[in-house]
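Trainee: I have a model open beside its sequence, and I would like to learn how to read its features one by one. Could you take me through some of them?

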Amino acid sequence: MREEENGGMEMDDLAASEPPPGESRGGGGGGGLVETALQPVRWLQMLCRELGATFVAGVVLVFGLNQGFAGSFFRVASDYYWKDVQRVQPATVQFLSVFFYIPWVLKPLWGILTDVFPVRGYHRRPYFIFSGILGMSATAVLAMGIGLSVTSAVLCFVGISTAVAIADVTIDACIAKNSIDKPALAPDMQSLCAFSSSLGALIGYSTSGMFVHHLGAQGALGVLALPPAMLVFLGFYIYELKKHQHNVKEKVFYKLSVAVKGMARTIKYPVVWKPSLYMFLSLALSISTHEGQFYWYTNKEPPNPGFSQEFVGVVHAIGAVASMVGVLIYHKIFKDYPFRTILFFAQLLFGISGFLDLTFVLRWNLVLGVPDAVFVILEESVSRVVSRVRLMPMMVLSTKLCPPGAEGTFFALLMCIDSIGMLAAKTNGAIVLRTLHVTRTDFSNLWLAVLLRNLLRLSALGAIFLVPTADQTDVLLPQSLLNSGSTVASASDEEETLLQLGKLSSHTDGE
């Protein structure tokens, strides 16, 4: 038990004790190229030193493998699954995808579980293991089940989504806690999350089309069993102090009461609910027309583009590279800008970039002499860079709104609000597609849906005043809230310390 804790500490200390590459030798040669190449290595080493190597590995596994790779692979394979295996209409697919967001709406529940319901003294490890087992089971049924009904398929997809959501909220709790303990590193942690996700997405998108082509959409979904298997591995090896508790039932209900009351108290502060409302509106007003566009550009009948499965994967892979470029742009240029400034211009560009979709759907690119393949790559690249630059300050802002002692629970509440916004975008997008009679074969009104989406994106700028003008490294919560949260957290730690001393004393007296 203690050896297990020390083992985790030694892994973290090992990364912390290594000198930065190139610091003690080779200082004069190599020039700027070597320095540039070593910057990511030194940055990762700094994060391992400050935050712990197993924490950094956990972020890479959850965001890189489970959200980046699996999420991108899932997007392509599931689109073809509903189109070619289940053969449903695009508006129906968007309605069904609403169910996939339910586990993300329930993130406060998962947050409460990780914060106040430890398993054998651990708050994070058991939930990684559980999410991994759930994800593997749901994926196996979906990939190997013959003649699955739409209902059964939806349940499997919900199971996969639940597994990812639980792992996400568990690592988010660790990130939120570290963001409070070391606020100067909050943008760096979000950069690590975003870069890992983008790199994983690049690999997922690059291989998804090939797997779908050779294995079929259903067979390709079997590849998604690997990422949750790695979550089980993570659950056994991520470093976490084991807490020895007495009066577990009373303590759990006390912590649950404190967490719920803390959420209710915190969300009432204007500095918290105003930016939360803006993030919800920004996401909800960007209605989704994805399924209609997917059915359109994969339709083989002229004058539709008729893209192949492999090319769809390649386009998304290039978009993943563009997403990484967006991470670098944010990390190098925009992470020091005030929240309101960066979010205003990001939302403005987000709305404007959507008109590239409109140009594509109306086939104006052919009038300009730009082939479909070239134009869709350009559109995807611009869209992904802008989306990433827009999303990252929102994530940093969310971590800044979490009170001490209930980081996982409150961050999950904020992500729940965001998920409700995305659910509203999916639902309203499905209503628009159905109202405009966009089907598997009729895309005559698709351009109207895309135009409405773009105008709604720009309308979100009217709520930008809700975002604080503070810098991204500033502490946003009032001191009274920070003190009350710290008091609860320190009281819990003091109780744990007294219990450990009592057990040590009892053991010594017994000898």
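**Reading a pocket, a helix and salt bridges**

Mentor: The second largest pocket has a volume of about 480 Å³. This is a predicted model, in which local features need pLDDT of at least 70 and side-chain atom pairs count only at pLDDT 80 or more, while totals for chains, interfaces and linings use all residues. Residues are numbered from 1 along each chain as its sequence is written, and side-chain values use heavy atoms, with hydrogens and water left out.

Trainee: What is a pocket, and which residues lie nearest the centre of the second largest pocket?

Mentor: On a 1 Å grid over the protein atoms alone, a pocket is an open set of points where a 1.4 Å probe fits, with protein on both sides within 12 Å along at least five of seven lines, and lining residues have an atom within 4 Å of a point. The volume is the space filled by probe spheres set on the points, which are joined across faces, edges and corners. Here the lining counts 21 residues, and Pro40, Trp43, Leu44, Phe195 and Leu328 lie nearest the centre.

Trainee: Which helix gives the most to the lining of the second largest pocket?

Mentor: Helices are DSSP runs (H or I, at least four residues), numbered from the N terminus. The helix that gives the most is α9, with 7 residues, and α2, α3, α9 and α14 each supply at least two.

Trainee: How many salt bridges does a search of the whole structure find?

Mentor: Side chains of opposite charge can pair when their charged atoms come close. A salt bridge is a side-chain nitrogen of Lys or Arg within 4 Å of a carboxyl oxygen of Asp or Glu, and the search finds 6. One of them joins Glu50 and Lys182, at 3.2 Å from N to O. Glu50 lies in α2 and Lys182 in the loop between α8 and α9, so the pair ties together parts that are 132 residues apart in sequence.

Trainee: Where do Glu380 and Arg384 lie?

Mentor: Both are in helix α17, 4 residues apart, about one turn of the helix.
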